[in-house]
Amino acid sequence: MSKVNLAIVGAGLVGGDFIDQVASYNTRNPSTPLNVISISKSRTALLSQDFAPISLTNWRDALASATTAAPSPAELAQWLSTSPLPVILVDNTSSPDMADAYPLFASKKIHIATPNKKAFSSSNELFQKIQAAAKESGALIYHEASVGAGLPVISTLNDLVATGDRVTKIEGIFSGTLSYIFNEWSPSAGPGTAAFSDVVRVAKEKGYTEPDPRDDLNGLDVARKLTILARLSGLEIESPTSFPVHSLIPSALESATSGDEFLAGLPAHDSEIAQLRTDAESKGQVIRFVGSIDVASKSVAVKLAAFEKSHPFASLKGSDNIISFYTERYGASPLIVQGAGAGAAVTAMGVLADCLKIAGRVLSTLHPNTHLEVLNPGCVYVTVHPVRFADTLDTNSGLKRPSSRLCTA
């Protein structure tokens, strides 16, 4: 029975959850497993030199006791190029070094599934190199989880573009951390009373922020996601710093030597942002931290904005994400994607779904009678070119993608 090999880089929160989900998938689908042939972390790795599947029963213990040095991206690419089966690189890191190596992997027709935003939101030069290498070799590169974790954000955008709809604007709340902070600080249910610094502190205590909250408050994570979506919409964005990005970090605290020092100094600046909330409440509005892409004017921005309490952004709960797609076909009523946009489990699910889509396309091309089960047959769909889909996949939304576009089916 035809199979594909997986080479996994990163075994932290997302990577660990991903491996557990692969193990569960393989148990449910013993005839069409995803063969894990390597698991790498920063210093050591489990490598199957003969490409036989690695047992995932006690993979954490095995990786903890591994003595094999983790290969460099170049070494890994060279080894994977000799795989007897189609191979998918699963990069569950945020490593810029891995991102920089994507053109090399793609040039060797090593498929890629990843939540790593850096590959698609860093310099436009790197983005173009990845596209060119994938187009030349036929490598499939899927990164649904780079925006919105497991939410179908990139796939929705690609479907709109591929079917000829004209996307005019994309606007949304793209950060689970900042969604929580502003839902608590500027609630739609009534006047906000909490100090901004207190909400940030609680968010950190609950694990919503990075160890240093400035990594969330500087807006760069949202800027990276906007860069990805803008590029997929056809805009040439040089980098996440090439458009306006509103930072919530007071200038006096930019030089704080640690996250704790930053949090200690933040209360002194509560009044600076509190006035925005007061002004918004006087008009029956709330404040939200949003990203916006205006395709027609080619403008991209990360900003604070006020919304009426009846607006979908105002009624968001917890740490959910919400993304609105305005297009010619949808008119004044945007297509909205909403739900959990962060968390290890849902991010890992998005990566696994991408692996299954890649496997479905590759195996359907090589072996038209191959059957591949997916996590949710009613929601996951695969495009093939030109042979038929695996029978258990929902093909109603199957689309032939432009060969020059990085896509998520």
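Begin by selecting strand S8 (residues 285-294) together with S9, which in this predicted model pair in the antiparallel sense over 10 bridges. Within this pair, highlight serine 292, which stands opposite alanine 301 in S9.

Now widen the selection to the whole sheet, an open one of 5 strands in the order S9-S8-S7-S10-S11, with antiparallel pairing. At its edges lie strand S9 (299-308) and strand S11 (335-340), each of which pairs on one side only. If you look along the sheet, neighbouring strands are turned by 20° against each other on average, with direction ignored.

Then select helix H12 (residues 220-232), which lies across S7, S8 and S9 and runs at about 40° to S8.

Serine 197 counts as buried because its relative accessible area is 5%, under the 20% cut-off. Show what surrounds serine 197: leaving aside its neighbours within four places in sequence, it is in contact with Leu266, Pro267 and Asp270.

Finish at helix H1 (residues 13-28), whose 16 residues should span 22 Å at 1.5 Å a residue, and whose end C-alpha atoms are 23 Å apart, which agrees. Colour the buried residues of H1, among them Val14, Phe18, Ile19, Val22 and Tyr25. As you follow the colouring, recall that an α-helix has 3.6 residues a turn, so residues three or four places apart point the same way.

Conventions
Residues are numbered from 1 along each chain as its sequence is written. This is a predicted model: local features need pLDDT of at least 70, side-chain atom pairs count only at pLDDT 80 or more; totals for chains, interfaces and linings use all residues. Side-chain values use heavy atoms; hydrogens and water are left out. Helices (H or I, at least four residues) and strands (E, at least two) are DSSP runs, numbered from the N terminus. The expected span of a helix is 1.5 Å times one less than its number of residues. Buried means under 20% relative accessible area, exposed over 50%, partly exposed in between (1.4 Å probe, protein chains only). Two strands pair if DSSP finds at least two bridges between them. Axes are lines fitted to C-alpha atoms, for helices over the stretch in contact, and angles run from 0 to 180 degrees between N-to-C directions. Contact means heavy atoms within 4.5 Å.
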